[in-house]
Amino acid sequence: MSEISTKPYMLRAIYEWCTDSGYTPYLAVKVDSRTTVPMEYVKKGEIVLNISFGATSGLKMDNDAVRFHARFGGVSREIYVPVDNVMAIYANENGQGMAFEPVLGNDDPHGQPTDSPASTDAPPPPAPAATGPTLSSVPTGNTGPTEPRDTPPGDDEPPKKGGRPTLTRIK
């Protein structure tokens, strides 16, 4: 029996934390042919979606997909996002959340669908333990520097409010 992914459980947990804390949960999504989103809002193959209670109708976060209805330009649209296409879930107000490694779906850029069997000439894929993400501890409290970590040294100007939020990946 194959191992069940923890990703949908983490998505639901971060969503619940955001709503319990009064934050607005956002999803960063990699768009492909399996994703149903308004394409006019897709930038560089990605879209950021507000999945708060007030912005969605009928939100369902299953183990395979996130589904809901939302208004875009005043028009209600049905949204379908496979869990594999979710790149991050985070609070809009402070950027705290969780990012995930991108998973190639049926739209593999190398031209071969990922669910088809590999040719016998191809080398076997690397072992999952060698390529999987690793966890590390994050400092809490006032143990770190006094400036926010993502502020470059010498940048004393406070961040600007408003505008579209951005997600910064730190590896």
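The following questions and answers explain how some terms apply to this predicted model.

The structure is a predicted model in which local features need pLDDT of at least 70 and side-chain atom pairs count only at pLDDT 80 or more, while totals for chains, interfaces and linings use all residues. Residues are numbered from 1 along each chain as its sequence is written, and side-chain values use heavy atoms, with hydrogens and water left out.

Q: Why is threonine 56 called buried?
A: Buried means under 20% relative accessible area, exposed means over 50%, and partly exposed lies in between (1.4 Å probe, protein chains only). Threonine 56 has a relative accessible area of 14%, so it counts as buried. This residue is found in strand E3, where strands (E, at least two residues) and helices (H or I, at least four residues) are DSSP runs numbered from the N terminus.

Q: What does the side chain of threonine 56 reach, and which residues does threonine 56 touch?
A: The side chain of threonine 56 reaches the backbone oxygen of serine 52 at 3.0 Å. A polar contact is a pair of N or O atoms within 3.5 Å; within protein, one must be able to donate a hydrogen and the other to accept it, and residues adjacent in sequence count only if both atoms are side-chain atoms. With contact meaning heavy atoms within 4.5 Å, threonine 56 touches Asn50, Ile51, Phe68 and His69, not counting residues up to four places away in sequence.

Q: Why is one side of strand E3 and of strand E5 left without a neighbour in the sheet?
A: The open sheet of 3 strands has the order E3-E4-E5, with antiparallel pairing. Strand E3 (56–61) and strand E5 (75–82) stand at the edges and each has a single partner strand, so one side of each is left without a neighbour in the sheet.

Q: How do you know that E3 and strand E4 pair?
A: Two strands pair if DSSP finds at least two bridges between them, and E3 and strand E4 (residues 65–72) pair in the antiparallel sense over 4 bridges. As one example, the bridge partner of serine 57 in E4 is histidine 69.

Q: What makes the aromatic pair of tryptophan 17 and tyrosine 23 tilted?
A: Rings of Phe, Tyr and Trp (its six-membered ring) pair if their centres lie within 6.5 Å, and planes under 30 degrees apart count as stacked, over 60 as edge-to-face and the rest as tilted. Tryptophan 17 and tyrosine 23 are 5.4 Å apart centre to centre with 55° between the planes, and the pair is tilted. Tryptophan 17, at 31% relative accessibility, counts as partly exposed, and tyrosine 23 is partly exposed with a relative accessible area of 28%.

Q: How do you know that arginine 12 lies over the face of tyrosine 9?
A: A charge sits over a ring if NZ of Lys or CZ of Arg is within 6 Å of the ring centre and within 35 degrees of the ring normal. Arginine 12 lies over the face of tyrosine 9 at 4.7 Å from the ring centre.

Q: Is threonine 35 buried or exposed, and which side chain does its own side chain join?
A: At 7% relative accessibility, threonine 35 counts as buried, and a polar contact of 3.0 Å joins the side chains of threonine 35 and asparagine 85. Threonine 35 has its place in the loop between strand E1 (25–30) and strand E2 (46–50).

Q: Why is lysine 44 called exposed?
A: Lysine 44 has 82% relative accessibility, and therefore counts as exposed. Lysine 44 is found in the loop between E1 and E2.
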